Amino acid sequence: MEPARQEHFLAAHSACHDKVYRFFRRRAGDPSAAEDLCAEVFRIAWEKCRQDQELSVLIVFGIARNVLRNHNRSAVRSMNLAQQLERQQTREPVSDDGEVRDALDRLKPEDREVLLLTYWDGFTSAEVAELLDVSATAVRMRLHRARRHLSQLLRAERETEDVQR
Amino acid sequence: MRHEETAAVERLTGADPGVAVTEEELARSREKSLAVRFTDSEQLVPGGSIDDFHQRRPRRRFRLAAGAGLAAAAVLAGVFVASSLSAPLSEQAGPAATPSAAAPETDSSASPSLPEIIGAKAATGAAEIVVGGNGNKAAVSTDQGVNVFMEALNSGKLGLNSGGCFAEIRPDGTSTGLIFPFGTQVTGTGVILPDGTAVNVGEDFAFGGGLAPGTRDPGVCSPTGAAFLVQSW
């Protein structure tokens, strides 16, 4: 096995693995799915190392987003019950806080993505901009809008609960 | 940030499922993702040359199709098709009908033959060049009702090749032809895949599929001859 390729890959793996795994755990649900998707990302990364392509954290996350998108599309297309259930799991971020999960599900997908990449995955606005291929200004606007909308949704949920009591 | 928004963000952060990830989970995943170096993953070259991959036949999906075929044969017919018991595997439908791919869980010595696989339709690689409103072109498969899929991943950026055809354009300027699935529409800026997904010039894509089978020449859409047949996206 080529030492340079190994070194290149191991550096990327060391820098990105845990973040990528958590990325999938937040979005794909159970540990085994996250493991499989994570392995797929690094399989692709290993191939890119062969072609001597750059493997920054953002590039690895770009691969991860594509892998997740393909995973979700496959689940949606599937006709059998097991995968329909998987679809339900993968369509929305997984969280133990049901109200937060419901509120996130009601955000616009592009706003939700910016919110989660920022507050769950820990990316800066500039990094989110590069990852999503939009301007940093657009990211800041979406983030502002998403925060405001999330707080409105959570407040509405709380008020509904208060009325029900 | 307003107080209410700060509280919402704190709640969002507190609801992060990533916090619950254990070191044991991470260790297991690290081990698995490091093991990819020792697999035969060279067959899949996302974003790179397709010349050296797609040579192997797809296995997993076909195994599912084969499994479905076995179940259908057993449940609906109740008997094995006698002629298929002695038919060579190469004459059966589908691109991956090898003993190891079709029934890897069974002992081949104990089960020397397989029932005929029913209803499998693989792509032939036939395509036509569709011209969009402003003269841009795309190679679109004419195979309808395909249900056996290749699953190599090809990720890259959509662009126009020298023939004005939508293709994968690499950073070094070289291109790989793409054959889009049956039902794809060509627009001025890109293509609209059968489910309505639009992929425009300059956008990154991640397509599943494989090297277009057969010997048909995709013409200006793939001057190098080899084209990637898009089957999932």
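At what angle do the axes of helix 1 of chain A and helix 2 of chain B cross? In this predicted model, the two axes cross at roughly 125° and come within 10 Å. An angle in this range makes helix 1 of chain A oblique to helix 2 of chain B. The crossing of helix 1 of chain A and helix 2 of chain B is right-handed. On the chain A side, the contact is formed by A:His13, A:His17, A:Asp18 and A:Tyr21 of helix 1. These residues meet B:Leu26, B:Ser29, B:Arg30, B:Ser33 and B:Leu34 of helix 2 of chain B. By class, the contact of helix 1 of chain A with helix 2 of chain B has four polar, three nonpolar and two charged residues.

The contact between the chains as a whole takes 38 residues from chain A and 33 residues from chain B. On chain B, at least two residues each come from helix 1 (3–14), helix 2 (23–34) and strand 9 (204–211). Helix 2 of chain B gives the largest share of the side that touches chain A, with eight residues. The side of chain B that touches chain A comprises 15 nonpolar residues, nine polar residues and nine charged residues.

Chain A contains eight helices and zero strands. Of its 165 residues, 41% count as buried. Among contacts in chain A between residues at least 6 apart in sequence, 56% join residues that are at least 24 apart.

Helix 1 of chain A, which takes part in the contact with helix 2 of chain B, also packs against helix 2 of its own chain. Two packed helices are described by the distance between their axes and the angle between them. For helix 1 (residues 3–28) and helix 2 (residues 31–50) of chain A, the axes come within 9 Å and cross at roughly 150°. Angles over 145 degrees count as roughly antiparallel, and helix 1 of chain A and helix 2 of chain A are therefore roughly antiparallel to each other. Their crossing is right-handed. Residues of helix 1 of chain A in this contact include A:His13 and A:Tyr21, and both of these also meet helix 2 of chain B. Also among the helix 1 residues are A:Phe9, A:Val20 and A:Phe24. Helix 2 of chain A contributes, among others, A:Leu37, A:Val41, A:Phe42 and A:Trp46. The residues of the contact of helix 1 of chain A with helix 2 of chain A divide into 16 nonpolar, two polar and three charged.

Strand 9 of chain B, part of which lies on the side that touches chain A, pairs with two other strands of chain B. Six bridges join strand 9 of chain B to strand 3 of chain B, and the two run antiparallel. Within this pairing, B:Phe205 of strand 9 is the bridge partner of B:Gly156. Strand 9 of chain B also pairs with strand 10 (residues 227–232) of chain B, in the antiparallel sense and over four bridges. There, B:Gly210 stands opposite B:Leu229 of strand 10. Six of the eight residues of strand 9 of chain B are buried, so this strand is largely enclosed by the rest of the structure.

Strand 3 (residues 152–160) of chain B is also paired with strand 4 (residues 166–169) of chain B, antiparallel and over three bridges. B:Leu160 has B:Phe166 as its bridge partner in strand 4 of chain B. The hairpin of strands 3 and 4 of chain B has five residues between the strands, and B:Gly164 takes a positive phi near 75°. Strand 4 of chain B is joined in turn to strand 5 (residues 175–180) of chain B by three bridges, again antiparallel. In this pair, B:Glu168 has B:Thr176 of strand 5 as its bridge partner. The hairpin of strands 4 and 5 of chain B likewise has five residues between the strands, with B:Gly173 at a positive phi near 95°.

Three bridges link strand 7 (residues 190–192) of chain B to strand 8 of chain B in the antiparallel sense. In this pairing, B:Gly190 stands opposite B:Asn200 of strand 8 of chain B.

Conventions. Residues numbered from 1 in each chain as written. Chains lettered and ligands numbered in written order. Predicted model: local features only at pLDDT ≥ 70, side-chain atom pairs only at ≥ 80, totals over all residues. Pairing = 2+ DSSP bridges. Contact = placed C-beta atoms within 7 Å. Nonpolar A, V, L, I, M, F, W, Y, C, P; charged D, E, K, R; others polar. Axes fitted to C-alpha atoms, helices over the stretch in contact; angles between N-to-C directions. Parallel < 35°, antiparallel > 145°, perpendicular 65-115°, else oblique. Left-handed = near helix turned anticlockwise from the far one by under 90°. Buried ≥ 20, exposed ≤ 12 C-beta atoms within 10 Å, placed from the backbone.
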